[in-house]
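Please open the structure in your viewer and keep the selection tool at hand. The stops below go from the whole chain to a few places inside it.

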Amino acid sequence: MKVEASVSGFRVKETVKETRTENERKSRQPDTYWSWIVCVVGVVSLIIVLGCSYCFGIIFPFLLDEFNEGKSNTAWVGSLAMAATGLFGPVAGRLTDCFGARAVVICGSLMSAAGLMLTSLVPNLYLMLLTYGGISGFGSSLIYISIFEIVPRYFIKHRSLATGLITMSTGASLVVMGPVCQALVDLFGWRGAFRGMSCFVSIIFFIAWTLDPNVANEEAEVAVEETQPFKSRQTCRILDFSMWGNVTYIVLNVTSFFVFIGHTIPTVHFGRYSEDLGVTKNLMTWLYSCIGLSSLLTRILGSKLCDIIGPHRVLLVFGTVGAVANSVLLPLATNWTWLLCFTIVYGLADGLIAVGAVFSSLQILTQRQKAQGFGFYQLCVCTALLFGAPIGGLVADKTNSYPTAFLCAGGIEAVGVLIMLIFICVRRVEFSQTKIQTDSENSSSTALLVIEKETVL
């Protein structure tokens, strides 16, 4: 029996080695030229699909005039579109685990393009919630979550840089798609703009074929050695909730919820506020582009800053900067020059808040938790995006004052920063107490050892 067991064990090891060798031959290697191709495809895909959602502020005034539904009700459309990338995050993460990033991105591009095309045909605002926020939003979520899952796997040495590049796509989406969206609106109206954006999203269908999910890395080698019963248990799980047992992960979600509720309010309402101050539509477009450009530049540098001081500190510091910009700088801005100053500061804070939040979540999660854990985190963040703009619109409608709404936005963002600050302070106190206790135990052990030696002597 022992001989048979040893022989079978030897066969299993040989099979594992053969499987690993075969997988290494079929899989693409990390940190190669193909890795950078995948990274570029990910950046371009996110710029297009996020730009179609984040440019809603440019179309927002036209929808107000078209449907006459009020600021709060109209803002729900844009909020749902921007929030959809995270609202469907856990489902998108599960689909990515099951079918691979390439298949999910291709399906997401088709769904998003169809949703945008249907949006150009809607007769009322409520159907737009379904087509723009629901159908197109779900497609955007499939693309967004899959890109953040596949691109870091192609890198080991330059993983922080690659993650920073795909994170910068949110800022780049406003820089690139903002002028494109404005040009489409000027030429074809807001309905024609949605048709044009549908054509741009169709590009993702063709470039997504480069996203080969078979990439060799350390985690893949460990996965080969998993036992079959463990694999079957993992397959039976619809969703993995293990990350919610981590207190740090919970605090990060709560903090991000409040920070992003306050931070997203100016994104949608900034266009109408600028018009009320007499800013022309062309200048308003450039102000949006300025936000995107500032956010883009800081996201590139933000990955290195996270390596130096830590992502949670980046989120804490620049969350404070964003709260001050929303509650102080924007309400005091009464002309184009001051609005330009606000866009620069807001874009700076926006880029570093996003980088700090993404890096913090990915740092906390294990490799097995990353796809669904990042999806749950995006669900939390995008729930905040969903409610942020309508809350700002409601305050503006009730008080008939945008400055009051922006003051409220800064206060909500400050609450999130305060929650994280309290958690960090509590953890430091606990760490200090543990260290003191450990030092005292070590000193006691040393003293006992000295006494024993003296006794022996």
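Helices (H or I, at least four residues) and strands (E, at least two) are DSSP runs, numbered from the N terminus. This is a predicted model, in which local features need pLDDT of at least 70 and side-chain atom pairs count only at pLDDT 80 or more, while totals for chains, interfaces and linings use all residues. Residues are numbered from 1 along each chain as its sequence is written, and side-chain values use heavy atoms, with hydrogens and water left out.

**Whole protein.** Begin with a cartoon view, where the secondary structure comes to 17 helices and zero strands. Of the 457 residues in the protein, 51% are buried, a word that means under 20% relative accessible area, with exposed meaning over 50% and partly exposed in between (1.4 Å probe, protein chains only). If you then show contacts (heavy atoms within 4.5 Å), residues 24 or more positions apart account for 86% of those with a separation of 6 or more.

**The largest cavity.** Next select Tyr54, Thr170, Phe260, Arg299 and Asp350, which lie nearest the centre of the largest cavity among its 25 lining residues. On a 1 Å grid over the protein atoms alone, a cavity is a set of points where a 1.4 Å probe fits but cannot get out, a pocket is an open set with protein on both sides within 12 Å along at least five of seven lines, and lining residues have an atom within 4 Å of a point. The largest cavity has a volume of about 390 Å³, a volume being the space filled by probe spheres set on the points, which are joined across faces, edges and corners. Among the helices that each supply at least two residues of its lining are helix 2 (33–54), helix 9 (169–207) and helix 13 (281–309).

**The second largest pocket.** Now select Thr248, His312, Met420, Phe423 and Ile424, the residues nearest the centre of the second largest pocket, which is lined by 14 residues and holds about 290 Å³ of space. Which helix gives the most to this lining? Helix 17 does, with five residues, and helix 12 (247–276), helix 14 (311–332) and helix 15 each supply at least two.

**Cys341.** Finish in helix 15 (residues 336–364), where Cys341 is found. Is Cys341 buried or partly exposed? Cys341 counts as partly exposed because its relative accessible area is 35%. Its C-alpha atom is separated by 9.7 Å from that of Ala325, 16 residues apart along the chain.
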